[in-house]
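Here is a walk through one structure, residue by residue. Keep the viewer open and click along as you read.

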Amino acid sequence: MSENEPNEYRQDEHIVANKELNIWEALIPVIALVGMLAYNVHVFGDEAVGGSNQFILLLGGAVAAIVGFFNKVTYKSMLAEVAENIKSTTGALLILLMVGALAGTWLVSGIIPAMIYYGLQILNPTIFLAACVVICSIISIATGSSWTTSATVGIALIGIGEALGVSMGMTAGAILSGAYFGDKMSPLSDTTNLAPAMAGGDLFDHIKYMSMTTVPTIITTIMVFIILGFVLDTTGSADTASILTDIDATFNINGWLFIVPMIVILLIIKKTPPLAALLIGTLLGAVFALIFQPDIVAGITGSEELTFESGYKGILTAITVKTSVATDNAALNDLFTGKGMEGMLSTIWLILCAMFFGGVMDGIGALSRITKSLLNMAKTTFGLFASTVGSCLALNVTASDQYLAIVVPGKMFSKAYADRGLAPENLSRTLEDSGTVTSVLIPWNTCGAYHSGVLGVGVGEYFTYAIFNWLSPIMTLIFAAFQIKIKQLRNH
């Protein structure tokens, strides 16, 4: 993942400890939050992320604040931690807005329809899911960013899957499995650099050591999706010919449209800041829309022909608000609807409320207390690995931030691993296997909120099929339990 934040900021981030707080008091806000969210989702279902979950996160933060007041934590200090948390997500929030803008111009320019058009001719339901994993793995390794992968090829693959009649949850699960495999293994990834930095190891030793658990996990994931492809019952494949005809009749489809996504991916590989790369992609998409789809741009404003004013208004409309391109196929009308920047606001709202809860939890010292309690439970080598995994999962749930799920356990556990004679690669691998990949499985985590918002698929829909993401911590625990590839320090 990449939120365009320098690793130095996260490494220097302090962790608030509070000697007055005991473990049961630290867990009160977590238990209250989980209980309220469970009931809220039961009542609202898929609509819970539309606003009610956000308020529940604020209530959870209020419960944490009450615990803090009883433990002599001032309102000012809690608010300061909330401010730091929100500050840390600035890059992510701006990227979300830019992703909405990019999706808008890539729709009206025909870029996304072209990806779907050619994708339907290459892919079929049998190999589609496995191909999603492989394609997203390659893109994510090249870019070092699961976020960029979702925002570009991920959106197109969701569209292809819908046209083929494949469940959106399955497609999103395959996309995220590949995206997070590439994110973990790429030396360009923020988290891949951050984990060994926190553990005190070397980047390339970390990647080499991490491959021992990651490669079996991705192979297992691909095999499951291959099997799913053979037993998949779809209805879309029979309609492929008519869908292709309708896309071709609506858009001017040609290979030149792929220049824009290729430029964006190249910019990311060249370490261009994601915001700049997405802005360039948005503007290039606008130019290509005016060149290749003038009738569609004019039609957005109700004009019969493209003029400077109708072109300007049509492009800005596609960038900022919900925009639909009508076709003769009812199924495609839903597919060719862009959210624009407006469509990302509910996700931004969710992230801000999650950062409030995480900030208050950190401000009262609850995050530190929970992690230390898990560390105290580690009496064996396996217990140490299990405590690290549990700590990462707990931080992803409570702090709602992937980076904190690496930084806090990394700081807390580094000495414990050294004392046990374990090389730092053991810790950095476990941080990635449990902290990085599981963040997307939590609806109110920045990663879960981002990917579900970008792909238009709820976390509950893709959770089961994000096989790589939930299998990774299980795999690292299996290796620990059977003492497989547990690297020792040379002086022990």
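Predicted model: local features only at pLDDT ≥ 70, side-chain atom pairs only at ≥ 80, totals over all residues.

Residues are numbered from 1 along each chain as its sequence is written, and side-chain values use heavy atoms, with hydrogens and water left out.

**Charged pairs**

Side chains of opposite charge can pair when their charged atoms come close. How many salt bridges does the structure hold? There are two, taking a salt bridge as a side-chain nitrogen of Lys or Arg within 4 Å of a carboxyl oxygen of Asp or Glu.

| Salt bridge | N to O distance |
|---|---|
| Asp 433 and Lys 184 | 2.3 Å |
| Lys 487 and Glu 425 | 3.9 Å |

Start with Asp 433 and Lys 184, whose side chains meet at 2.3 Å. This pair links distant parts of the chain, 249 residues apart, with Asp 433 in helix H22 (residues 424–438) and Lys 184 in helix H9 (residues 168–185). Helices here are DSSP runs (H or I, at least four residues), numbered from the N terminus. Are these two partners buried or exposed? Both Asp 433 and Lys 184 are buried, where buried means under 20% relative accessible area, exposed over 50% and partly exposed in between, with a 1.4 Å probe and protein chains only.

Now for the other pair, Lys 487 and Glu 425, at 3.9 Å. Lys 487 lies in the segment after H25 and Glu 425 in helix H22, so this bridge ties together parts that are 62 residues apart in sequence. Lys 487 is partly exposed, with a relative accessible area of 36%, whereas Glu 425 counts as buried at 6%.

Have a look at Thr 191 in helix H10 (residues 190–199). Thr 191 is buried, with a relative accessible area of 0%. Its side chain makes a polar contact of 3.4 Å with the side chain of Asp 183, and another of 3.5 Å with that of Glu 432. A polar contact is a pair of N or O atoms within 3.5 Å; within protein, one must be able to donate a hydrogen and the other to accept it, and residues adjacent in sequence count only if both atoms are side-chain atoms.

**A glutamine between two helices**

Gln 293 sits in the loop between helix H14 (274–292) and helix H15 (294–300). What does its side chain reach at 2.9 Å? That would be the backbone nitrogen of Asn 252. Leaving out residues up to four places away in sequence, Gln 293 touches Val 108, Ser 109, Gly 110, Phe 251, Asn 252, Leu 257 and Phe 288, with contact meaning heavy atoms within 4.5 Å.

Leu 157 belongs to helix H8 (residues 146–164) and is buried, with a relative accessible area of 3%. Its contacts beyond four places in sequence include Leu 123, Phe 128, Cys 132 and Thr 171.

From Ile 370 to Asn 329 is 41 residues in sequence and 53 Å in space, C-alpha to C-alpha. Among the residues Ile 370 touches, setting aside those up to four places away in sequence, are Ile 23, Ala 26, Leu 27 and Ala 394.

**Cysteines**

The structure holds zero disulfides, a disulfide being a pair of cysteine sulfur atoms within 2.5 Å. Cys 353 is buried at 6% relative accessibility, and Cys 392 is buried at 0%.

**A nonpolar patch**

Phe 463, Trp 470, Ile 474, Ile 478, Phe 482 and Ile 484 make a nonpolar patch of about 540 Å². Patches are made of residues with over 30% relative accessible area and no salt bridge, with like charges joined within 9 Å and nonpolar side chains (Val, Leu, Ile, Met, Phe, Trp, Tyr) within 5 Å; accessible areas come from the Shrake-Rupley method with a 1.4 Å probe, and for residues only the protein chains shown count as cover. Trp 470 lies in helix H25 (residues 467–481) and counts as partly exposed at 32% relative accessibility.
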